[in-house]
Amino acid sequence: MLDFLAENNLCGQAILRIVSCGNAIIAELLRLSEFIPAVFRLKDRADQQKYGDIIFDFSYFKGPELWESKLEAKPELQDLDEEFRENNIEIVTRFYLAFQSVHKYIVDLNRYLDDLNEGVYIQQTLESVLLNEDGKQLLCEALYLYGVMLLVIDQKIEGEVRERMLVSYYRYSAARSSADSNMDDICKLLRSTGYSSQPGAKRPPNYPESYFQRVPINESFISMVIGRLRSDDIYNQVSAYPLPEHRSTALANQAAMLYVILYFEPSILHTHQAKMREIVDKYFPDNWVISIYMGIIVNLADAWEPYKAAKTALNNTLDLSNVREQASRYATVSERIHAQVQQLLNCLRDCNVAIRWLMLHTADSACDPNNKRLRQIKDQILTDSRYNPKILFQLLLDTAQFEFILKEMFKQMLSEKQTKWEYYKKEGSERMTELADVFSGVKPLTRVEKNENLQAWFREISKQISSLNYDDSTAAGRKTVQLIQALEEVQEFHQLESNLQVCQFLADTRKFLHQMIRTINIKEEVLITMQIVGDLSFAWQLIDSFTSIMQESIRANPSMVTKLRATFLKLASALDLPLLRINQANSPDLLSVSQYYSGELVSYVRKVLQIIPESMFTSLLKIIKLQTHDIIEVPTRLDKDKLRDYAQLGPRYEVAKLTHAISIFTEGILMMKTTLVGIIKVDPKQLLEDGIRKELVKRVAFALHRGLIFNPRAKPSELMPKLKELGATMDGFHRSFEYIQDYVNIYGLKIWQEEVSRIINYNVEQECNNFLRTKIQDWQSMYQSTHIPIPKFSPVDESVTFIGRLCREILRITDPKMTCHIDQLNTWYDMKTRQEVTSSRLFSEIQTTLGTFGLNGLDRLLCFMIVKELQNFLSMFQKIILRDRTVQETLKTLMNAVSPLKSIVANSNKIYLSAIAKTQKIWTAYLEAIMKVGQMQILRQQIANELNYSCRFDSKHLAAALENLNKALLADIEAHYQDPSLPYPKEDNTLLYEITAYLEAAGIHNPLNKIYITTKRLPYFPIVNFLFLIAQLPKLQYNKNLGMVCRKPADPVDWPPLVLGLLTLLKQFHSRYTEQFLALIGQFIRSTVEQCTSQKIPEMPADVVGALLFLEDYVRYTKLPRRVAEAHVPNFIFDEFRTVL
């Protein structure tokens, strides 16, 4: 009959594919369970209030139209719903596909069983497959994996969360429209069971059997599988554990399968006492805490509580005398071990069985604290086994190390097996030939009489030894034994003892023959047995409870890491369990599943070894303190009598001692050789560097978070003192990092710059998420990393991160309603007290504290804020101008009065004033929006100045190269527009995009020329802005020293933000709007001057001075030629205006 797993055996391949798929699905469920978006849990108040109306559970399906109509009634809810969809559809789809694959799995399994029953597979029936060794393993696994999937889903993804995700997927995807979608079946299978994995939560009635019966499965298949598991040792594990007391460990995997599958036929658990008694006696006579899959553990005393037959059967195992006996048995294991070094494998078995029993039965997660009986049993175990987690951990370490060394020795012996055997054979054969020569009487030395019989006999023996065949080990073994006997007999019968030389030759040959027998008995089976015995998959999750012990022992003795390496490798053997079938089926899932489990394990290794960087940083903080506070810098020249004061031997000795401790820690981690954990190569140097990065990120992020929290009511602002304090902290980190890099052999500066820039960029990204519809989630962020995560802190005010708080604090203290900005001095003064509030020194302080990345991030955040302000402005313009009849009438009248723009308006004063009076109510909101934009533009200019200054100072070559490249590019682009045949960067060329990032980082750009938003045509736009400007002019007055300043602090207007705000706003629209706007101002100046002349008023009116100043500033800020202004205002008016200045 065909091999069941052969490529061309369709029946075997079909079930193998199903089982391989099952293991992959469980890995995907475990992987996804770490990425459940928090919002689906609706845990906190804010989420409930914000998303409660758009996230539904299955109650939605009772009347979807009703819920959707509620949403459609509120535009803001629709908008939120759309935003939520954009942000979560990707992850929700991934969850849905995982849920769908669980349903598809059971459908496929049922179809396979139907095919078997209907005879689709020739000569194969359910019975014949269950008789085949591989067949019965795969059928049992197929059902067991389905049960594990359901349990994993319920444990890791709560019922309510599943329902909300499924409803969201249903609403947001095209699934509901496609007829072949099995959405209904998936929802039926995965609706909430009422189970909660929270400690102390009550178990729902009939759980999990009612959950397991949601998709019906062939009953005779279930009972046949249970029958097989009850009676057979389906994996032939007992041969690896010959001792009867190890039997429950040998059958542990099978016991876990049986535990899960019994829920498919709960009547056995409830009423079949005899069957349950047989199951407990065979599988659970001395254990009641089991691992069902990759370390998910279950306490049978708790799990079988509701089932009468199961509970009764288990009572014998849980009898206190039995508990005491088992616990005492394992208490002595560690004492017995040393006497048994000869029986290495037995010793290994004892150790592994003891570790398994003690780890499972003392696990906290296996004991519900509210269950009195379980607590009693656990206390009993702890007392009788004299349980000490440190000793158990030591046993685990020693066993892993022992196993590792033994395996390595065995592998070496196996690899050298044939060479050694051939060597012993050659030596033995040569000795016999030499003896034959001795008895020929030819050799004069030996004084042995000639004996032709013996000569011929030894020659024959030599031939026999040479003819032994390595490949036929059984025959060779038998023959070798006979040869040994013959050599013993020849010594006795021919009285050869008298000649010592001959005796020696015979003894040597016998020794070589014995060695040959030993060598040929080295079998690969021993390695396989060691692999089975050393399985640690049950501790996949439990091992975490030993993390603190591991870390303590590393802290006390860094060289412990080498022993831990063996433990990690032992834990890696757990990967064989889920990967075996995937590998056999040649499934493409092999890589992703092995990557998931290997990744989990490597993360755990990192977590344990993180204690080394942590301890290093603790010492580092002491070094920082000593270096910044205690040790004085030695001057270049000093008097020799002061030498002793500067020597400071005490503090310097302390620094040296701490540095030595740090280098010892480093040594510890580097002793761990490069190791392959699963399929991921772990390089200790990389581990150390990542660990140091992680600790640095944790501490720097915390310092930034804590250092930049401001009290908005503080007078004066806490901004500068806090920045100075934070600067000192950051400098301390930087200096100590520089100091330590040589002792740890890392690139300190590189790590520092990479990590600090990552922290700042990540925080800027999170802050900017507030302004984006499609948020960047952590797992999409290019700055966030799983190995070196940037910690998130809960917000303390409206800002999400420290960069937002810093930005809003700067905006608060430079608010144009409270301060006035003097452009020539780059300084802000308080309008009322005339005291300096802040100046450009603020930005050099930020540069010192947060570096270029900080300033750059601040700049990026301001860009987002400007965009937001401009968008708000446009919606306000629509509301207060384009939807207001009276305002539109006024504007229409004014337009008629002033056209054509080249003319002079008769009776101008009256016309302008009446238009201003009629539109008075709209200017307050308008002014606020314009000034906010202007204020942020001033800040962006200051940041660009600071960045450019420091770039020219710190890296002049970069600054020069960027400026030249920028000029050259612009020249080429201009040339292209004049002559389109010349080259121009293509669509897919990222050159312009990339150079912009460099230019902005080096401050080589003008924020005023930036286009922030795309705009449509707006009617009346130039005339509204013109009216707005002349309505503000009376609030300002001209001061010879300071330019335009506010008349009354009670009615605050600040000139620079006003000018820059208007300028930025006009920049967003077509240039003809700016043309019209400037023409209107020119006309206003000409008409007012004309009126003054006719009325013989000698001096220039204040409003005209303001309007002319606006034109001057406009030309200055935009760097346009003067003729732009002179086109609208005659030269003589400008000359007159200068005499006024």
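**Salt bridges and a buried aspartate in the predicted model**

The side chains of Asp1113 and Arg1116 come together in a salt bridge, with an N to O distance of 3.3 Å. This pair belongs to a predicted model, as do the other contacts described here. Both Asp1113 and Arg1116 sit in helix H46 (residues 1102-1118), where a spacing of three residues places them about one turn of the helix apart. The two partners can also be described by their accessibility: Asp1113 has a relative accessibility of 10% and counts as buried, whereas Arg1116, at 45%, counts as partly exposed. Elsewhere, salt bridges with shared partners link Glu689, Arg693, Lys750, Glu754, Glu755 and Arg758 into one network. The count for the model comes to 56 salt bridges.

Glu28 and Arg31 are separated by about one helical turn, because they lie three residues apart in helix H1 (residues 10-32). Glu28 and Arg31 are both buried.

A further salt bridge connects a helix with a loop. Lys378 pairs with Asp364, and their closest N and O atoms are 2.6 Å apart. Lys378 is part of helix H20 (residues 372-384), while Asp364 belongs to the loop between helix H19 (344-361) and H20, so this pair ties together parts that are 14 residues apart in sequence. Lys378 counts as buried because its relative accessibility is 14%, under the 20% limit for that class. Asp364, in turn, is exposed, with a relative accessible area of 63%.

Asp859 is located in helix H37 (residues 841-882). With a relative accessibility of 2%, Asp859 counts as buried. The side chain of Asp859 is joined to that of Arg940 by a polar contact of 2.7 Å. Leaving aside residues up to four places away in sequence, Asp859 touches Arg940, Ile943 and His1005.

How values were computed
Residues numbered from 1 in each chain as written. Predicted model: local features only at pLDDT ≥ 70, side-chain atom pairs only at ≥ 80, totals over all residues. Heavy atoms only, no water. Salt bridge = Lys/Arg side-chain N within 4 Å of Asp/Glu carboxyl O. Helix = DSSP H or I, 4+ residues; strand = E, 2+ residues; numbered from the N terminus. Buried < 20%, exposed > 50% of the residue type's maximum accessible area, 1.4 Å probe, protein only. Polar contact = N/O pair within 3.5 Å; in protein donor to acceptor, adjacent residues only side chain to side chain. Contact = heavy atoms within 4.5 Å.
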